[in-house]
Amino acid sequence: MGTVFEPVRVMPWTRICRVEDIPQLGARVVKSAHGDIAVFRNTEDEVFALLDKCPHKGGPLSQGIVFGRKVACPLHGLNIGLDDGNAVAPDVGCARTFPVKVVDGEVFLKPVTT
Ligand code: FES
């Protein structure tokens, strides 16, 4: 009997915008089948993508304050790691992350489900 391969859903990278189109220390919201995705840019021009929904009570993280590699939720101030989506201790919770990359100043997002 041959090997059975599980179907893998491969999503293409989607071009979103240029890095400079995202406000520094801010975010741009991208609509997706999974809900709004907040694409953040910090002072180092690093770009991160999180579901635009705080793990606490669903606050819009895209309207939060970015500092370093974190964002503070605008509703109750939970601090969320931009790279892993985890709340900073002692708070708990995790915002969903999405793969994002920058190529030649262009931002690409992969709105996949895993
Ligand atoms: S909804 Fe984000 S801290 Fe409460």
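**View 1. Ile65 and Ala72 in the pairing of strands E5 and E6.** In this predicted model, Ile65 stands opposite Ala72 in E6. Strands are DSSP runs (E, at least two residues), numbered from the N terminus. Three bridges join E5 to strand E6 (residues 70-72), and the two run antiparallel; strands count as paired if DSSP finds at least two bridges between them. Residues are numbered from 1 along each chain as its sequence is written. Because the model is predicted, local features need pLDDT of at least 70 and side-chain atom pairs count only at pLDDT 80 or more, whereas totals for chains, interfaces and linings use all residues.

**View 2. The open sheet E5-E6-E7.** Three strands form this open sheet in the order E5-E6-E7, with antiparallel pairing. Strands E5 (65-67) and E7 (79-81) stand at the edges with a single partner strand each, so one side of each lacks a neighbour in the sheet. Direction ignored, neighbouring strands of this sheet are turned by 25° against each other on average; the strand axes are lines fitted to C-alpha atoms.

**View 3. The largest nonpolar core.** This core has 26 residues, of which Val39, Phe40, Leu50 and Leu109 touch the most other members. A nonpolar core is a set of buried Ala, Val, Leu, Ile, Met, Phe, Trp, Tyr and Cys residues joined through C-beta atoms within 7 Å, and buried means 20 or more other C-beta atoms within 10 Å of the residue's own, with C-beta atoms placed from the backbone. Strand E4 gives the most to this core, with five residues.

**View 4. Surroundings of Phe40.** Neighbours within four places in sequence aside, Phe40 is in contact (C-beta atoms, placed from the backbone, within 7 Å) with Ala27, Val47, Phe48, Val66, Val71 and Leu82.

Technical notes. Helix = DSSP H or I, 4+ residues; strand = E, 2+ residues; numbered from the N terminus. Axes fitted to C-alpha atoms, helices over the stretch in contact; angles between N-to-C directions. Buried ≥ 20, exposed ≤ 12 C-beta atoms within 10 Å, placed from the backbone. Contact = placed C-beta atoms within 7 Å.
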